[in-house]
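Keep the model open while you read.

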Amino acid sequence: MHLKKIPNVDAIRGGEIHSGELHLTEHHIIFVFPTVFPDGTPPPPNAPKTREVYIAYPIIANCIFRPCPSISGRPSSIRIRGRDFMLINFNFSDEVHSREAFEYIRNRTCRLGSIEKLYAFCYQPLKQEKPFNGWHIYDPKTEFRRQGISMKSVDRGWRISQINKDYTFSPTYPGLLVVPSKISDNVLKYAGPYRSRQRIPVLTYLHSLNNCSITRSSQPMVGFRGNRSIQDEKLVSACFSASATVEFNGIETSAPETAEPSPASSQVDIRGESIETETSDTERLEDELIDGADSNYDSKTGKRLVYGAQQSNLIVDARPTINAVVMQAMGKGSENMEYYKFAKKAYLNIENIHVMRESLSTVIEALKDGDISRLPPNRELLAKSGWLKHITGILDGSALIARQVGIKHSHVLIHCSDGWDRTSQLSALSQLMLDPYYRTIEGFVVLIEKDWLSFGHMFQQRSGPLNHEKWFIVEKDAMAGATIQPGESDGRAGEAFENALASAKRFFNKRNNEGNPESDGDGVSSPPEDPSQTKKPAPGTPEASEATRPNEISPVFHQFLDATYQILRQHPNRFEYNERFLRRLLYHHYAGQYGTFLWNSEKARKDARATERTRSVWDYFLSRKPEFVNKDYDATVDDRQSGRERLLFPKLSDVRWWHQLFGRSDAEMNEYLDLAAARDERIGGYGFGSPPPPPPPNGTSRSPQPPGLPLSRSVLTGVESAHDALTPDQRAHPASLKHSASADTPGAFATNLAKIRDGVVGLDIGRGLFGGSSGSGGSESGSGSVGGGGAGGSGSGSGSGSDAKAAKSNTPRTGDGDGDGDGEQELADLSTAAGSEKDSMEMT
């Protein structure tokens, strides 16, 4: 092993300075420094004389080199920020040594050219890991057999299809697909082209107590012409009726060994009181909006009437409504509910990968001086980031899905754009809430293997293990030798106005995401990379497919782990694994030591022979299982006992910063939330002439609502049904979630679609999409077709084959009276948010 040693290096971390020696190997930075014991404290027996800090090259998110001539008397420095939020600054007395170190690190981080040069391909497991083979933990047939589906068991309405066994049907999907028994592979074949990348609706979870399902897919290819697919409609209908003729109470289901079977809670409201007391205002409003006039609540008492009596099958589009409109302008879009009359559709307000990346970048900005100072984070930036609001929204959407399946005995189909980012988040988290098995270590591993790895989350593109040149910065000569001070700029720059303008130009003049296989940005992407900072590999080469694209980096899996942490913190005895398990999993997601997260799909892992050439990350966790077991875990499942129910829901008002992950104390990260909550309570008390509520008992701190998410604010932004599509002027909304953006109301979808059409019809893109200038109501490409192409619009477009239906759709939907004034503003806001990416470094 090649080893480069650099003596006399000072490391600054957490405001503390340590002097030692820097060792640079092929795959790690190792800082070695003497062990220092407090004054007067004798060292323990066999105490090591030195300590070591390891930094894996792929974990580096940003590296700034500040050279300074040795004759100046000031040290040169290399400042490193890790994707695991580790911050450290190395000071060198010799400028030559510092420059050599920087080039050495850069060459082994962002200039490898191939993932096969990562540590995972030469890693030799420790003795304790050798007995394990994490690649074999997940077997799809075994997992679906656990759910009650196999060729040898009673037909529960589902079958295992081999249509994708060689990955030719859908390269980003698993090899085994579970589909309704009454749907043939021939129907699947014809339904495929209607879904983006042929990611058709398939089963991911079947609830053992009521045979209700969670299926997932990508967006439909509706387009401006309102295309439809009879085969897709038949497939979705079959997914939502697969259990209609199955008497699930008489079927013996294989419950996980880690928990006892729950009583027949799906028949009677045996835990009604706990549900009534724990249902928040937001959840109640969501249920009323989905149920329409058929509310499950007593109008006088507000209590839930019957546990699961009302079935309301749901298509969940995870995107903000306006983002779905944008995708429809690019030939994709969302379901026209006239053709899916057996269900309703709910829009969530979960933002795209670019918004989430920017949110985390703002968090990093608030923490960026953690290496040289112990000052608390910048609380204004923490609040401005919106990170907690995003986490709360993801939890809210997942809980909505879990309630539909576990309480309302309904089926749910989830999709976003391509169905591998937000869809994976919602699908996995809702199953975590529904099934105690996934709260065990083994079950959580299976959940990640199934809903993230096999269903094609783009781990390679979202994490960028080969790093990027733009994340390595050499300060200008004018800055050389300057002393690093807390709060000093670390190279970030960006002009919001120019970014927004550039985003708008790209939106109207380029359909750039359509040909990008890794894009899930809802049609709006962040600013292009500076070509002067990058050296792009030749197109078509393996290096090109593996190269990191900073605009495709996003903390999608990180958000899933953060949301899991929130539920674990709120229910500390319901999970077998502890907080450190999640934190170490995030580290190894980026570190490149194991092969699990290095590829984008199941097919890519098999093509690369990952199981033969690399070790699984689960070897690490299983060989050290005692370190990750929650000592307070209670595996008992009893729906008759409060706190031990099978279903588990998050408290949306109790979402806090994952302070351990950011290397800070709870007070440093969350104290400002407590102060804000106390202030709001006082103001609220004065406003209504009543005293503020008493402090919580036992001296515990009150967990406040995350900033920007009022109690009446929900991630649910609208619900559509076939009735809404056919009678747009007769809709009655039983509840209002009071969103400030009118573009999120269901009726505004078609209205905003018409506005986009008017905005682009005079541009070059308009001629291709609309067939010329703005047409009349009777034209297939005119405004009537726009109304039909919307989600929930009633027009048939090119695929309906019915003149009567086409005529019926020639009046675009106008929403419910509040969709006209603010729709354009929301579109502008979307461009601003998506286009505000800063030009320097990215943090995944």
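Start with strand β2 (residues 16–24), which is joined to β3 by four bridges, the two running antiparallel. Strands here are DSSP runs of E, at least two residues long; helices are runs of H or I of at least four residues, and both are numbered from the N terminus. Leu24 has Ile29 in β3 as its bridge partner. Strands of a sheet pair through backbone hydrogen bonds, either parallel or antiparallel.

A word on the model. It is predicted, so local features need pLDDT of at least 70 and side-chain atom pairs count only at pLDDT 80 or more, while totals for chains, interfaces and linings use all residues. Residues are numbered from 1 along each chain as its sequence is written, and side-chain values use heavy atoms, with hydrogens and water left out.

**Two sheets**

β2 and β3 belong to an open sheet of eight strands, in the order β4-β3-β2-β1-β7-β6-β5-β15. Its pairing is mixed. Two strands pair if DSSP finds at least two bridges between them. The edges are β4 (50–56) and β15 (472–474), each pairing on one side only. From one strand to the next, the twist averages 25 degrees. Such angles run from 0 to 180 degrees between N-to-C directions, with axes as lines fitted to C-alpha atoms, for helices over the stretch in contact.

Another open sheet has six strands, ordered β10-β11-β14-β12-β13-β16, again with mixed pairing. Here β10 (202–206) and β16 (716–721) are the edge strands, and each pairs on one side only. The twist averages 25 degrees from one strand to the next. Within this sheet, strand β11 (residues 213–216) and strand β14 (residues 412–415) run parallel and are joined by three bridges. Arg216 stands opposite Ile414 in β14.

**The chain as a whole**

The secondary structure comes to 28 helices and 16 strands. The chain has 844 residues, and 59% of them count as buried. Buried means under 20% relative accessible area, exposed means over 50%, and partly exposed lies in between (1.4 Å probe, protein chains only). Take contacts between residues at least 6 apart in sequence: 76% of them join residues at least 24 apart. A contact means heavy atoms within 4.5 Å.

The table sets out helix lengths and spans.

α12 is mostly covered, with 13 of its 14 residues buried. Gly456 follows α12 and has a positive phi, near 85 degrees.

**Aromatic pairs and charges over rings**

How many aromatic pairs does a search of the whole structure find? It finds 35. Phe31 and Phe90 form a tilted one, 5.7 Å centre to centre with 50 degrees between the planes. Rings of Phe, Tyr and Trp (its six-membered ring) pair if their centres lie within 6.5 Å; planes under 30 degrees apart count as stacked, over 60 as edge-to-face and the rest as tilted. Phe31 sits in strand β3 (residues 28–34) and Phe90 in strand β7 (residues 87–92), so that the pair links parts of the chain 59 residues apart. Both Phe31 and Phe90 are buried.

Phe121 and Trp599 form an edge-to-face pair, 6.0 Å centre to centre with 75 degrees between the planes. Phe121 lies in the loop between α1 (95–107) and α2 (140–146), and Trp599 in the loop between α17 (579–591) and α18 (602–607), so the pair ties together parts 478 residues apart in sequence. Phe121 counts as buried at 18% relative accessibility. Trp599 counts as buried at 6%.

Arg228 lies over the face of Tyr339, 3.9 Å from the ring centre. Arg584 lies over the face of Tyr587, at 4.5 Å. A charge sits over a ring if NZ of Lys or CZ of Arg is within 6 Å of the ring centre and within 35 degrees of the ring normal.

**Asn467**

Asn467 is found in the loop between α13 (459–463) and β15. Is Asn467 buried or exposed? It is buried, with a relative accessible area of 3%. Leaving out residues up to four places away in sequence, Asn467 touches Tyr57, Pro58, Ile60, Arg83, Thr109, Cys110, Phe472 and Thr548. Asn467 and Arg549 are 82 residues apart in sequence and 8.8 Å apart in space, C-alpha to C-alpha.
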